[in-house]
Amino acid sequence: MTVTGRCAPGYEAVREAFERNFAPTDTDPGDVGAAMALIHGGRVVVDLWGGSIRDEGPAWERDTLVNMYSVGKPVAAVLALDAVQRGEIDLDEPLGAAWPAFRDLHGETTMRQVLAHQAGLPAVAEPLDPEAIYDWSAMAEALARTPAWWTPGLSHGYHTNTFGFLAGEPIRRLTRRPFAQVLQDRICGPRGLDLFVGLPPSHHSRVAEIVSRVDPDSSPADHRPAETEHDRMRAHTYFNPPTLSGFGVVNTADWRSASIPSTNGHATARAMAQFYSALLPSAPEPLLAESLRIEATTEHSVGPDLVLQRETRF
């Protein structure tokens, strides 16, 4: 296994730590492939990649993409805050103003509550077909029909897989364009970020596979059945639709092509370092104005998380 890329003087320990991740131990088989990037003071000081894109597969390259799971949530959040910055959305205005179908059951729920995981919609209540995850409209409509699992604003719980749909649907309706297109037009394209939510087929060949050390075909049926309404909420958070968290489908073309902002963004490590660098006030053209950056870095939720069942803060 060879690690390739650059590491500025003074960051040798970072490279050594990165290389250790590939070394198998008695309890850990080691990484198959990975990448890491670090920008400091506006300068790329670490840009490393190594291993392969799948077990016994081709080498990880400089432009290899990987499914980044929840790293996509900040991307969706920044796109929502960009819409606030443009005057299209108000953080404290009910989302129903842009999303009429949402208004009937969720008349007072705001974008601020969504971004703080306080909206009470971490899961869809009605059982959905596995294919629903690839249909943005179906997911948005099902969320609009689901009564809040708790009073919005009074508690919080990690909106593991619904966060992106809740933050993105108002943008989709206001712009009349797909989430993936708005993201490219407003964030990724202008910044030259190798980052996608809804990956074009022309890029599929450079995606690293997710190599699972558990049964990739395991399903919700293998898990303990829900005994209470709270158990049902938590089960649906991860497994409604059954493919919601990517189980058994994460390496398929359908998964990569769909827009599931909370879970299936694809990017290089370099692109994510560039994304966060562009949020710093020292950036030449920061993604967010100072007032919104302060909002985004102010703690809004803290305490018992109704989904993760531990203390969290957002």
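Of the 314 residues of the chain, 48% count as buried, where buried means under 20% relative accessible area, exposed means over 50% and partly exposed lies in between, with a 1.4 Å probe and protein chains only. The model is a predicted one, in which local features need pLDDT of at least 70 and side-chain atom pairs count only at pLDDT 80 or more, while totals for chains, interfaces and linings use all residues. Residues are numbered from 1 along each chain as its sequence is written, and side-chain values use heavy atoms, with hydrogens and water left out.

**The chain as a whole**

The chain has eleven helices and nine strands; these are DSSP runs numbered from the N terminus, with helices (H or I) of at least four residues and strands (E) of at least two. Its radius of gyration is 20 Å, close to the 20 Å that the globule rule gives for 314 residues, so the chain is as compact as a globular protein of that length. The radius is taken over C-alpha atoms, and the rule is 2.2 Å times the number of residues to the power 0.38. The C-alpha trace spans about 55 × 50 × 40 Å along its principal axes.

Contact means heavy atoms within 4.5 Å. Among contacts between residues at least 6 apart in sequence, 69% join residues at least 24 apart.

**Pocket and cavity**

Rolling a probe the size of a water molecule over the atoms shows where empty space is left. On a 1 Å grid over the protein atoms alone, a cavity is a set of points where a 1.4 Å probe fits but cannot get out, and a pocket is an open set with protein on both sides within 12 Å along at least five of seven lines; lining residues have an atom within 4 Å of a point. Grid points are joined across faces, edges and corners, and a volume is the space filled by probe spheres set on the points.

Two or more lining residues come from each of α2 (72-85), α4 (111-115) and α11 (290-296). Helix α2 gives the most, with five residues.

The count of cavities of 30 Å³ or more comes to one. Residues lining the largest cavity include A35, W49, W60, E61, R62 and R270. Both β3 and α10 (269-277) supply at least two lining residues, and β3 gives the most, with three.

W49 lies in strand β3 (residues 43-51). At 10% relative accessibility, W49 counts as buried. Beyond residues up to four places away in sequence, W49 touches several others, among them F18, A35, W60, E61, R62 and R270. From W49 to M36 the C-alpha to C-alpha distance is 6.4 Å, with the two residues 13 apart in sequence.

T312 is placed in strand β9 (residues 311-313). T312 also counts as buried, at 10% relative accessibility. Leaving aside neighbours within four places in sequence, T312 is in contact with H156, S301, V302, G303 and D305.
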